[in-house]
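User: I am new to this structure and would like to learn how to read its features. Could you please guide me through them in order?

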Amino acid sequence: MSERDDRDQLLEGLQEPPQIGQIEPNKDEALTRSARELKLMDHSTYVKEGILKNLFLACALIAVAAVALIFVFTLARALPVFTDIGLAGFFSSVWAPSEGRYGILALLAGSALVTVGALVIGVPLAVGCAVYLTQIATRRVTRIVSTAVDLLAGIPSVIYGFFGLVVLRPLIADASGGLGFGALTAWLVLAIMIVPTITTLSMDALNSVDPGVREAAFSMGATRWQTIYKVVLPAAKVGIVNAIVLGMGRAIGETMAVLMIVGNAPVFPASVTSPVATLTSQIALDMGYSSGLHRAALFGMGVVLYIISAGLVGIVRIITGKSERREREASRPATPVAEEGTRSVAEGPSRTGSSAAKAQEGSAQLIKSRLANARKPRVSKRATDAAMTGVFSAAGLVTTAILVLIIGFVVVNGAPQITPAFIFTWPQGVNAEGGIFPTIVSTLYVTALATLFATPIAVLAAVYLAEYAHQGRLVDFIRYATDTLASVPSIVMGLFGYAVFVEACGFGLSMLSAALALALLMLPLIMRTTEDAIRAVPRYIRWGAYGLGATKWQVVSRVVLPAAFPRIATGIVLAIGRAIGETAIVLYTMGQAVNLPLTPLDSGRSMPVHLYLLANDGINMGAAYGTALLLMIMILAFNLFARHISKRGARQKGGK
Amino acid sequence: MRTSRRHRLHVLTALALVAVVALPLSGCGSGSDGSSKTITVAGSTTVLPIAEIAAEKYEAKTGNQVLVSGLGSSAGIEAVINGTADIASSSRDLTDEEASHELVSTVIAHDGIAVIVNDSNPVKNVTLDQLRDIYAGRITNWKELGGPDLPIELVNRDEASGTREAFRSIVMRGEDFDRSAAVLPGTGQVRDVVSRSAGAIGYISIGFVKSDYATTTVRTLRVDGVEATRDNVSSGKYPISRDLYFFTNGDPQGVAYDYIRFVLSDEMSQTIEDAGYIPVNWDQSGSGDGTSSGGEGK
Amino acid sequence: MTVYRHAPQNPKGEGIHVEDFNFWYGDFHALTGVNLDIAPRKITAFIGPSGCGKSTFLRCMNRMNDLIEGTREEGLMSLDGNDIYAAGVDPVDLRRRVGMIFQQPNPFPKSIYENVAFGPRLQGVTSKGDLDDIVEESLKRANLWKEVSGQLGKNGLALSGGQQQRLCIARVLAVQPDVLLMDEPCSAIDPTSVQKVEDLMAELAPTVTIIIVTHSMQQAARVSDYMAFFLQERAGEPATLIEYGDTSEIFSRPRDPRTESYITGRFG
């Protein structure tokens with residue numbers, strides 16, 4: 001910390017590099033002497049370091065610019081709806097584009113209903129799972145289940161939607177007698193989808209609870225459940241609440257899965273098994289054919305979604321900021337509790353042994369009698385402990401079972417479809433018989449392009465945040481922008497991509513448009529992991545390099561980045577996994593026609609979009625299963641590869 | 001004081017750099033080219049599969065490229081009017097406003113929309129008026145149609161669907177759909193949902209009533225006493241039927257003309273049937289009961 | 001191997017009795033053949049170089065090692081005549097009777113009051129009056145009452161390191177333990193606070209059995225009545241108890257040459 005500041009101050013001080021001749025010999029003896037004896041910083045080094053620093057800052061500001069541009073462009077495209085029908089019309093209850101009525105209240109209600117239900121189911125499951133993994137399970141089980149959780153997080157939403165549509169929907173239809181579309185189906189699917197987010201973040205929070213506190217509770221005769229409930233959970237409260245808020249953001253912004261299972265009736269929900277619509281599902285459903293005011297209304301809904309998600313990120317920051325402030329205050333008391341002076345000063349040489357012992361005896365007796373007043377609990381401690389441990393273990397088990405179920409479902413149905421012909425030939429006929437080759441190429445093409453755009457900017461931006469920036473308001477702001485960018489629902493990113501890259505830039509429905517929009521999705525993911533990775537590089541490694549006379553950039557490029565590489569690579573690979581499975585963004589930026597892209601301006605149909613369209617048609621389901629399986633294999637492979645990189649990195653570090 | 005100014009300077013420099021990076025993005029030119037051998041077909045998602053396959057086959061035959069996109073009938077017609085597309089595919093006729101432009105229409109296929117219910121549903125016939133009342137949300141129980149005491153579960157299509165548009169104009173006649181109906185974005189889904197829910201009702205193209213892909217079955221309702229068969233659609237007896245069109249700005253020329261002729265040729269008939277529609281050269285006598293299955297798997 | 005065993009006078013069979021005790025972390029045999037009796041209501045110090053198993057042995061006494069995966073023990077360890085590892089013994093209840101103070105003060109991130117009331121609440125004390133009494137008396141016993149009486153609502157983490165450690169002692173005293181295990185309780189606090197904790201131990205000894213693990217020979221000499229020396233002679237082999245006896249006697253006349261070398265500072 002201080003080290004970095006020193007370097008910065010050195011750079012600051014040399015902003016205008018002094019020239020030797022300028023220093024007046026008799027002005028300050030000490031200064032003159034040092035100027036003679038120490039070589040001044042080379043002008044070119046100074047300029048180079050300065051340029052690099054500003055380049056990195058520019059990269060960091062791209063995230064800020066993106067967040068601002070997304071808002072501005074979406075709002076600009078939405079303006080007609082605000083001027084033509086007004087806020088009152090926009091926030092009214094009837095959504096009927098064919099009648100020129102664009103009230104979004106029913107859609108908002110649908111979004112709220114779907115989100116709240118998903119949280120009610122998902123939060124206990126996720127927090128329970130996190131508690132089980134951090135507090136109860138053996139290390140082996142933790143390793144297996146947390147892998148399962150990570151893989152669940154990697155499965156693209158279109159596969160969850162497909163699973164909900166084909167497996168859950170008929171079950172709920174049979175149980176309820178209705179069609180099976182509606183909030184209940186969405187609850188189950190969204191709950192599964194937010195579990196990984198909440199579990200992973202809650203685990204971080206629980207793991208950061210001081211293990212000493214946990215031991216202390218055990219050593220006082222607390223059962224495991226009492227320790228968890230009374231000590232560990234309260235200590236991790238802030239982190240868990242943040243996890244839940246972010247999970248909520250994910251639920252509100254989820255598009256494809258919801259679109260496939262809510263039934264898309266834009267009315268106030270009559271029951272949990274009757275069709276409803278959400279903001280996201282309606283945008284995705286209407287975007288393809290809407291025009292004029294209707295399209296403006298969709299962008300208006302995008303603005304609403306944007307504000308909700310940015311607001312949730314703001315809430316998280318406020319909660320975290322408050323608790324950090326409180327912790328700082330607690331550890332540095334403004335009015336320290338006065339210590340009693342040592343006995344020799346305050347009370348003379350020694351309390352007489354017998355009187356002290358008598359006092360101890362008296363106190364002990366009193367405590368004993370008060371403890372005797374304790375009431376026996378109605379349920380024995382041990383029973384409660386066993387029951388609660390069981391509940392938490394069940395949460396872990398359920399999560400793993402869900403993963404197995406979903407993967408099993410896709411594998412069993414998809415495996416018979418996968419032949420060399422399926423992978424390497426074109427779809428034929430109206431029902432997409434044959435293979436899916438062009439969609440595989442399109443997916444890889446667009447993902448590679450997006451990675452190419454996002455990675456350098458994200459890594460350099462992270463370098464700026466972690467190595468160069470003064471920890472102050474600017475960095476806070478950049479971080480807030482990055483978090484907001486990460487939380488922008490992908491359908492809003494898709495709207496933005498359509499408005500800017502497809503239309504304003506004139507790239508049309510193309511690989512380039514989709515890749516630029518996807519890069520915005522990847523940017524915050526890579527930035528975050530890279531910054532964490534850089535920060536995790538021990539300070540003394542840097543000191544060593546500075547001590548040998550390396551410049552800042554030399555330290556960063558030759559010492560810090562190589563040391564942080566495994567974790568950075570992990571972040572990049574995980575971001576690639578996200579991009580491969582992303583549907584809502586590419587749906588309206590890349591086009592939907594099957595095409596083998598050659599130039600970046602070619603359009604195409606990605607695998608997730610192909611799966612979505614096949615599932616929607618509901619005719620050639622075999623091809624849908626096959627596509628889902630291939631897609632899942634690709635993403636799981638990327639996820640496992642990322643785990644492998646990070647594990648190898650950890651091993652190397654451990655070996656040194 | 002000094003530091004803060006310094007800081008602002010950094011930010012300004014950085015913003016300038018952002019601008020430099022952003023410049024090539026904003027200056028990007030339009031992506032279309034004027035190659036004489038390439039035409040663009042835009043419009044109806046209903047017609048999309050036919051247009052796409054015709055494009056593939058036509059390309060393979062002639063080497064001329066046909067780019068097909070499905071943005072909806074309205075968008076396609078707009079694209080032809082403003083010149084960004086050569087052919088608009090549409091599942092509806094022109095509106096008065098659209099007809100004021102010099103558009104030439106070609107019927108490429110007929111489509112009949114079958115009203116489907118669950119196999120277990122004893123109701124056999126509805127009138128167009130009853131159908132309208134059902135979809136407007138006025139008739140909500142099958143017992144009002146002489147069936148069992150069972151709530152009607154409405155299944156509708158999404159607004160981008162040409163089938164919905166045709167159903168709306170033929171059946172609803174200006175009335176609005178009950179907005180609490182489930183909106184499904186695909187024919188197969190409508191069929192599957194109706195086949196599994198006792199009280200459900202939906203509508204799909206006749207060609208998809210029987211499907212080689214599906215494991216479940218649905219039943220069609222007679223509309224005004226007329227069975228939903230291809231013959232009845234072709235002969236014009238079945239009331240819920242429509243035509244699929246290509247529109248061009250003026251008479252089709254060159255590659256566009258060639259492509260449209262190819263779509264109308266016998267070579268495409270089977271594809272059009274596979275897609276669930278009835279080719280314009282449909283032979284009434286040669287096709288038995290006329291409900292031959294759509295979507296033949298290869 | 002000769003084990004010097006010293007059984008302090010113990011007519012009622014009170015205190016802790018250990019016979020041929022062995023302990024494993026997974027495959028690693030950490031402790032072997034430990035035999036000793038701990039005198040009730042006295043202070044016993046465990047000394048020895050790092051890695052000699054003294055802390056491990058201490059943690060066996062309230063079964064804290066149960067919380068670590070893959071640990072295993074053999075032999076007898078009894079408290080007041082009852083085998084603490086016998087089938088059916090509730091480790092949770094054992095830990096209430098055998099309290100523990102750790103090297104790093106670890107108050108809960110709660111108020112001072114809630115820290116001390118934590119244990120009694122676990123046991124089902126709900127009356128505000130009872131809790132108030134217990135909190136006050138426990139803090140008094142820990143010699144902390146005078147410093148914090150006006151600010152019981154303050155976060156426990158706001159106290160100084162030494163005060164935090166005494167708060168932890170008060171927290172344990174609030175559940176009326178028979179035995180107090182102290183694992184290097186003074187290594188993370190300042191010298192002034194060390195003296196307070198040591199004074200406190202002396203005051204508590206007549207009512208509570210205290211066992212302290214310490215690296216400081218001086219501390220062991222100052223506070224303990226009895227002393228046990230543990231040693232792992234070669235890496236990879238289990239550690240064991242080398243010598244056990246009167247503190248003054250071990251310091252003046254160690255019977256084992258290894259003890260003597262350690263005391264005179266030749267290793268450790």
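**Domains, helices and strands**

Analyst: The domain assignment of chain B gives domain 1 (38-110 + 243-297) and domain 2 (112-235); such bounds come from an automatic or database domain assignment. The centres of domain 1 and domain 2 of chain B, taken over C-alpha atoms, are separated by 26 Å. This is a predicted model, in which local features need pLDDT of at least 70 and side-chain atom pairs count only at pLDDT 80 or more, while totals for chains, interfaces and linings use all residues. Residues are numbered from 1 along each chain as its sequence is written, and chains are lettered from A and ligands numbered from 1 in the order in which they are written.

User: At what angle do the axes of H21(A) and H22(A) cross?

Analyst: Two packed helices are described by the angle between their axes and the distance between the axes. Here the axes of helix H21 (residues 490-504) and helix H22 (residues 511-536) of chain A come within 9 Å and cross at roughly 140°. Axes are lines fitted to C-alpha atoms, for helices over the stretch in contact, and angles run from 0 to 180 degrees between N-to-C directions. Helices (H or I, at least four residues) and strands (E, at least two) are DSSP runs, numbered from the N terminus.

User: Which residues of H21(A) and H22(A) make the contact?

Analyst: Among them are A:Met493 and A:Phe501 of H21(A), and A:Leu516 and A:Leu520 of H22(A). Two residues are in contact if their C-beta atoms, placed from the backbone, lie within 7 Å.

User: How many residues of chain A are in contact with chain C?

Analyst: 43 residues of chain A are in contact with 57 residues of chain C. On the side of chain A that touches chain C, H16(A) gives the most, with 11 residues.

User: In what order do the strands of the open sheet in chain C stand?

Analyst: Strands of a sheet pair through backbone hydrogen bonds, either parallel or antiparallel. In chain C, 4 strands form an open sheet in the order E2-E1-E4-E5, with antiparallel pairing. E2 and strand E5 (82-83) of chain C stand at the edges, each with a single partner strand, so one side of each is left without a neighbour in the sheet. Two strands pair if DSSP finds at least two bridges between them.

User: Over how many bridges do E1(C) and E2(C) pair?

Analyst: Strand E1 (residues 16-25) and strand E2 (residues 28-38) of chain C pair in the antiparallel sense over 7 bridges. C:Phe23 stands opposite C:Leu31 in E2(C). In the hairpin of E1(C) and E2(C), C:Gly26 takes a positive phi near 60°.
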